[in-house]
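Please look over the sequence and the model below.

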Amino acid sequence: MNITYVILAVIIILVVWAILAYNRLIRMTNRTKESWADIDVQLKRRYDLIPNLVNTVKGYATHESTAFENVTKARAAAMGASSLADKSQAEATLAGALKSVFAIAEAYPDLKANQNFLSLQNELTDTEDKIQAARRFYNGNVRDLNTAIQVFPGSIIAGMFHISPVEFFQLDSADAAAKQPVEVKF
């Protein structure tokens, strides 16, 4: 009878451990999803600001239509990207296209002094900062989740319940231009 109690206690301990490990992985998964939603909110804000910014600059630099078309195409591609890899690449392309608009604005002193343009530029800069912060928060949650999934004994529970690692959100390494600062020449 003593052995029965020991076996029963071991089984109960294992079941409680499995429940706690599973719940921990679910909390981490939900935290990762929530942090992705934060990125989505900031990206939506950026997508809403871009047409206003382009239209403001367009009024001053009508002969720079190629740059404006590139921004419009990049914005549409970023909004339509479905997978994380596609979203990362599209965001890198959009960042590069936006840099060209700001470079164009540098050539027009009246535009640089325009309050509407300055306000939009400040809002976009603030949004970019928030996107970077949300991306860091998301990637931190992804790191924690992936580590919990990949280390023993969490890997056993993750395997049993088909909880798989999540991709990081980062700029596409092929688009080095988006990682470079805008060069402004006077």
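This is a predicted model: local features need pLDDT of at least 70, side-chain atom pairs count only at pLDDT 80 or more; totals for chains, interfaces and linings use all residues.

Residues are numbered from 1 along each chain as its sequence is written, and side-chain values use heavy atoms, without hydrogens and water.

The largest nonpolar core has 33 residues. Such a core is a set of buried Ala, Val, Leu, Ile, Met, Phe, Trp, Tyr and Cys residues joined through side-chain atoms within 4.5 Å; buried means under 20% relative accessible area, exposed over 50%, partly exposed in between (1.4 Å probe, protein chains only). Helices α1 (2–60), α2, α3 (84–106) and α5 (115–150) each supply at least two of its residues, and α3 gives the most, with 9. Helices are DSSP runs (H or I, at least four residues), numbered from the N terminus. A second, separate core of 9 residues includes Leu-25, Leu-145, Ile-149 and Ile-157.

The whole structure holds 3 aromatic pairs, where ring centres lie within 6.5 Å and planes count as stacked under 30 degrees apart, edge-to-face over 60 and tilted for the rest. Tyr-22 and Phe-161 have ring centres 4.5 Å apart and planes at 50°, so the pair is tilted. Tyr-22 lies in α1 and Phe-161 in the segment after α6 (154–160), 139 residues apart. Ring pairs also link Trp-36, Tyr-138 and Phe-169 into a cluster.

Lys-73, in helix α2 (residues 65–80), counts as exposed because its relative accessibility is 56%.

How values were computed: Rings of Phe, Tyr and Trp (its six-membered ring) pair if their centres lie within 6.5 Å; planes under 30 degrees apart count as stacked, over 60 as edge-to-face and the rest as tilted.
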